[in-house]
Amino acid sequence: MKKLIASALLLASVTAPAMAQDAVPFSGPYIGGVVGLDHFDFNADNHDSGLLYGGVIGYDINVNGAVFGLEGEYSDSDVKEGLARTDRDLYAGVRVGGEVVPNVLLYAKGGYTNARLESRVDDDSVKLDGYRLGAGVETTIQGFIARAEYRYSSYERVAGTKPERHQAALILGYRF
């Protein structure tokens with residue numbers, strides 16, 4: 001009987017930290033889908049808006065309500081202006097935030113972005129390197145996540161212009 005009680009106490013002491021760790025919101029790997037509005041400024045006179053869509057993966061660590069994370073994203077949109085159209089946009093960056101109330105996170109993000117513009121006339125394309133800054137709010141319920149965020153991207157100068165991008169995005173996903 002003593003061995004049975006000792007075994008039960010040992011098992012409880014080993015599994016209790018794991019259960020507590022599982023209950024920490026905004027911590028661990030996640031995956032999600034992105035949809036929203038993409039506004040691309042080719043230059044001061046040429047700009048267009050369209051549908052933004054894509055996917056995101058990431059990993060967060062919650063340290064007493066402060067959240068630190070890494071994420072990557074692949075997105076595209078249907079923005080067209082003149083002879084050019086947007087193509088894929090790759091993003092890799094970090095995000096830092098804080099849990100303001102239970103299950104609600106406010107965060108800021110920043111990182112590297114690489115977009116591609118394609119010609120609507122031939123097969124030419126141009127790749128643009130730049131940076132992205134953003135901010136948002138996230139909530140989580142039983143592993144499911146929902147985010148609303150604003151993102152600004154600035155790209156390198158090309159053909160005498162400095163393209164910029166403004167996006168409003170909704171991300172729905174699951175944290176493992």
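The following dialogue treats how to read several features of a predicted model.

Reader: Which conventions apply to the numbering and the values?

Author: Residues are numbered from 1 along each chain as its sequence is written. In this predicted model, local features need pLDDT of at least 70 and side-chain atom pairs count only at pLDDT 80 or more, while totals for chains, interfaces and linings use all residues; side-chain values use heavy atoms, with hydrogens and water left out.

Reader: How many helices and strands does the chain have?

Author: Helices (H or I, at least four residues) and strands (E, at least two) are DSSP runs, numbered from the N terminus. Here there are 1 helix and 9 strands, in the sequence order α-β-β-β-β-β-β-β-β-β.

Reader: Is T140 buried or exposed?

Author: Buried means under 20% relative accessible area, exposed over 50%, and partly exposed in between (1.4 Å probe, protein chains only). T140 has 9% relative accessibility and therefore counts as buried. T140 belongs to strand β7 (residues 125-141). By contrast, I57 in strand β2 (residues 47-63) is exposed, because its relative accessible area is 52%. Of the 176 residues of the chain, 37% count as buried.

Reader: Which residues does T140 touch, not counting those up to four places away in sequence?

Author: Contact means heavy atoms within 4.5 Å. With residues up to four places away in sequence not counted, T140 touches P25, F26, N103 and I145. In the chain, 55% of the contacts with a separation of 6 or more join residues 24 or more positions apart.
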